[in-house]
Amino acid sequence: MDEPEQAWHEAGHAVVATLLGGEVVCVTLESDLDGHDGHAEVHWRLAGGELAWAQLRVALAGPLAELDYRGQDVDQPAEVLAAWRGDWEEAEALLAQLEPVEARREALLLRALTELRELIEDPAVTERIARVAETLDAHGTLDAELLAGCL
C-alpha cells in the first residue's frame, strides 16, 4: 500500500473512532505493534456490546476510507475486506462477540458497512479524513493534540 492510501486508511480508523466517542491517543503509519503498516490507539468509555459495536465500525472504517480514496466501493464485503487481513480478523472476532449465530453475522456486517458508507460519504466527514490523512502522511504519527488540530 502506498503512503497516501495508508494515511487514508489510518485516518478512517481515527476519525470514525472520534465520531463514535473514542479518544484517539495516537495514530501512526510507522507502527509494527500488531503486524500492521499503521496503528490507531483508541481509549473507550464504552463497555460490552456498545464497545464491540463501536470497535467493529472502527475496524471497518480504515478499509472503507481507503476504498473511498481509491474511488472504489464494496460489492462483496468479505472478499474485499479480506485484503486487509488484520482489520478483517478483528471484525470477524467482534462480529462473533456481537452475534453468536454465525448465519446472522453477515446481516450485522452489512448493517455496519451501510452505516459507515453513509458516514464516510458525508462531505464533512470526508473532509476530516482528508485533513487527518494529509497531516499523517506529512508527519507519520499524530498524537491526540495534532489529531485534534486536524479535526
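**The salt bridges**

Modeller: Glu99 is buried, with a relative accessible area of 15%, where buried means under 20% relative accessible area, exposed means over 50%, and partly exposed is what lies in between, with a 1.4 Å probe and only protein chains counted. This is a predicted model, in which local features need pLDDT of at least 70 and side-chain atom pairs count only at pLDDT 80 or more, while totals for chains, interfaces and linings use all residues. Residues are numbered from 1 along each chain as its sequence is written, and side-chain values use heavy atoms, with hydrogens and water left out.

The side chain of Glu99 meets that of Arg104 in a salt bridge, at 3.2 Å from N to O, a salt bridge being a side-chain nitrogen of Lys or Arg within 4 Å of a carboxyl oxygen of Asp or Glu. In general, side chains of opposite charge can pair when their charged atoms come close.

A search of the whole structure finds four salt bridges. Another of them joins Arg57 and Glu115, at 3.3 Å from N to O, and this pair links distant parts of the chain, since Arg57 lies in helix H2 and Glu115 in helix H5 (residues 105-121), 58 residues apart. Helices here are DSSP runs of H or I with at least four residues, strands are E runs of at least two, and both are numbered from the N terminus. Arg57 counts as buried because its relative accessibility is 14%, whereas Glu115, at 29%, counts as partly exposed. Arg111 belongs to this picture too, as Arg57, Arg111 and Glu115 are linked in a network of salt bridges.

Helix H2 also holds Ala52, which at 1% relative accessibility counts as buried, and whose C-alpha atom is separated by 7.4 Å from that of Gln97, 45 residues away along the chain.

As for the setting, the chain has seven helices and three strands, and buried residues make up 44% of its 151 residues.
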